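Me: I have a structure to look at and have not seen it before. Can you walk me through it?

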Amino acid sequence: MRLPRDAAVAVAVAALTTVTALTSTDGARPLMPAGAALIAAACAALLWRQRFPATVLAVTAMATLLYYPLGFPDAPLILAPVVALYTAARERGPVPAGAAAIAMTAVFAAAGGDPFQVLIGIAPLLLLPVVLGEVARGRARQVAQAEERAALAEASRENEALRRAAEERLRIARELHDVLAHQLSMITVQAGAALHTREPDGAFAALRTIRAAGKEALREVRTVLGVLRDDEPSLAGLPALIGRTEAAGLPVHLTGPPAETTVPAAVQAAAYRIVQEALTNTIRHAEADHAEVTLLVDGPDLLVTVTDDGSATTAVTEGNGLRGMTERATALGGDLRAGPRPDGGFQVRARIPLTLPEDGTR
């Protein structure tokens, strides 16, 4: 981005200087060819002012100090060293740029007719870009320091997050070890006893102990991992979900849900996600005017039904989140059916057992 900007500055200074020189009636010497060469050298040097500020300052100063004393037509070639002074002050600091400005002022005062008038006219013009360059330098330094502080703060936050995550993993690993070590040891011992006993009653007793220990281990593992499920949705969040859906333009009538105390947390989370995905599909694909959401307990199961009056008439595909909804239901021992209704619209119907499988599936 800097090269086009530098080129624009160089072209602007060259154009203004050349046009002014060609239309000026002052000057004891013609512009061509020496004066034009000095203008070209000073302006062309500005193309590299970002990479070589000191060299560009020297070139522009030399060209300017030769142009005016030699009597070429009056023109604002002084703008070239002014730009170079600003860049040098911004990139290298005020000391070298200020020294160059003072030196140029002294040369102009010595070469001009009235040193006092030269000082009044030239000194402010050459010192102002030095001041402005130092201001820009200070501002850039502040921005860089702020960015550095922000980067350090971000790195500190990331390190703290990693440290907390490592501590949490260690805590969970310790809890799981404490919970499982005893039960798995008991299972191992009883399994060995069942393999070596020759009495059926003893083998069955060992198997019953193994089964009881396995159930207790699963219960304790669920308790330990409960902290990981704190952010899972529940049936209590359905009204807010319905509200967001209606705000998106789809009126929804909610029947239920049943009391949360009668529904395990894992079942509540699955039911919430199924309703959420079904309503999302209705909004995206069904072009429906209304939807019905029903949750009720039917014996040992929770029935979740989402029905709309949209224009869905195509065959059901595994897109649109249907696979995810089905997996949520089957993971808990249930099932899910979805498809167009004979009288129009689309329906998603899930059956989720209220009793979790004993193998720990959730």
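Reply: What follows is a short tour of this predicted model.

Me: How many helices and strands does the protein chain have?
Reply: There are 10 helices and 5 strands in the protein chain.

Me: And what share of the residues is buried?
Reply: Of the 362 residues in the protein chain, 33% are buried.

Me: Let's pick a helix. How many residues does α9 have, and how far does it reach?
Reply: Helix α9 covers residues 265–286. It has 22 residues, and its first and last C-alpha atoms are 30 Å apart, close to the 32 Å expected at 1.5 Å a residue.

Me: What follows α9?
Reply: Glu287 does, and its phi is positive, near 55 degrees.

Me: How do α9 and α10 cross?
Reply: Some background: two packed helices are described by the angle between their axes and the distance between the axes. Here the axes of α9 and α10 (residues 322–331) come within 10 Å, and they cross at roughly 165 degrees.

Me: So are α9 and α10 roughly parallel or antiparallel?
Reply: Roughly antiparallel, because the angle is over 145 degrees. The crossing of these two helices, α9 and α10, is left-handed.

Me: Which residues meet there?
Reply: From α9 there are Ala270, Arg273, Ile274, Glu277, Ala278 and Asn281. They meet Leu322, Met325, Arg328 and Ala329 in α10. By type, the contact of α9 with α10 has 6 nonpolar residues, 1 polar and 3 charged.

Me: Why would residues three or four places apart in a helix point the same way?
Reply: An α-helix has 3.6 residues a turn, so residues with that spacing point the same way.

Me: Changing topic. Where is there a cis peptide bond?
Reply: One joins Met32 and Pro33, with omega about -5 degrees. Pro33 is in the loop between α1 (2–23) and α2 (34–45). The peptide bond from Gly256 to Pro257 is also cis, and its omega is near 0 degrees.

Me: And where is Pro257?
Reply: In the loop between β1 (252–255) and α9.

Me: Now α5. Is Ala101 buried or exposed?
Reply: Ala101 is in helix α5 (residues 94–111). It counts as buried because its relative accessible area is 0%, and the cut-off is under 20%.

Me: What does Ala101 touch?
Reply: Leaving out residues up to four places away in sequence, Ala101 touches Leu85, Leu126, Leu127 and Val130. Its C-alpha atom is separated by 8.9 Å from that of Pro81, 20 residues apart along the chain.

Me: Last one, Asp301. Buried or exposed?
Reply: Asp301 is buried, with a relative accessible area of 13%. Its place is in strand β3 (residues 301–308).

Me: Which residues does Asp301 touch?
Reply: Leu296, Arg351, Ile352, Pro353 and Leu354, again not counting residues up to four places away in sequence.

Note on methods
Residues are numbered from 1 along each chain as its sequence is written. This is a predicted model: local features need pLDDT of at least 70, side-chain atom pairs count only at pLDDT 80 or more; totals for chains, interfaces and linings use all residues. Side-chain values use heavy atoms; hydrogens and water are left out. Axes are lines fitted to C-alpha atoms, for helices over the stretch in contact, and angles run from 0 to 180 degrees between N-to-C directions. Helices (H or I, at least four residues) and strands (E, at least two) are DSSP runs, numbered from the N terminus. Angles under 35 degrees count as roughly parallel, over 145 as roughly antiparallel, 65 to 115 as roughly perpendicular and the rest as oblique. A crossing is left-handed if the near helix is turned anticlockwise from the far one by less than a right angle, and right-handed if clockwise. Contact means heavy atoms within 4.5 Å. Ala, Val, Leu, Ile, Met, Phe, Trp, Tyr, Cys and Pro count as nonpolar, Asp, Glu, Lys and Arg as charged, and the others, Gly among them, as polar. The expected span of a helix is 1.5 Å times one less than its number of residues. Buried means under 20% relative accessible area, exposed over 50%, partly exposed in between (1.4 Å probe, protein chains only).
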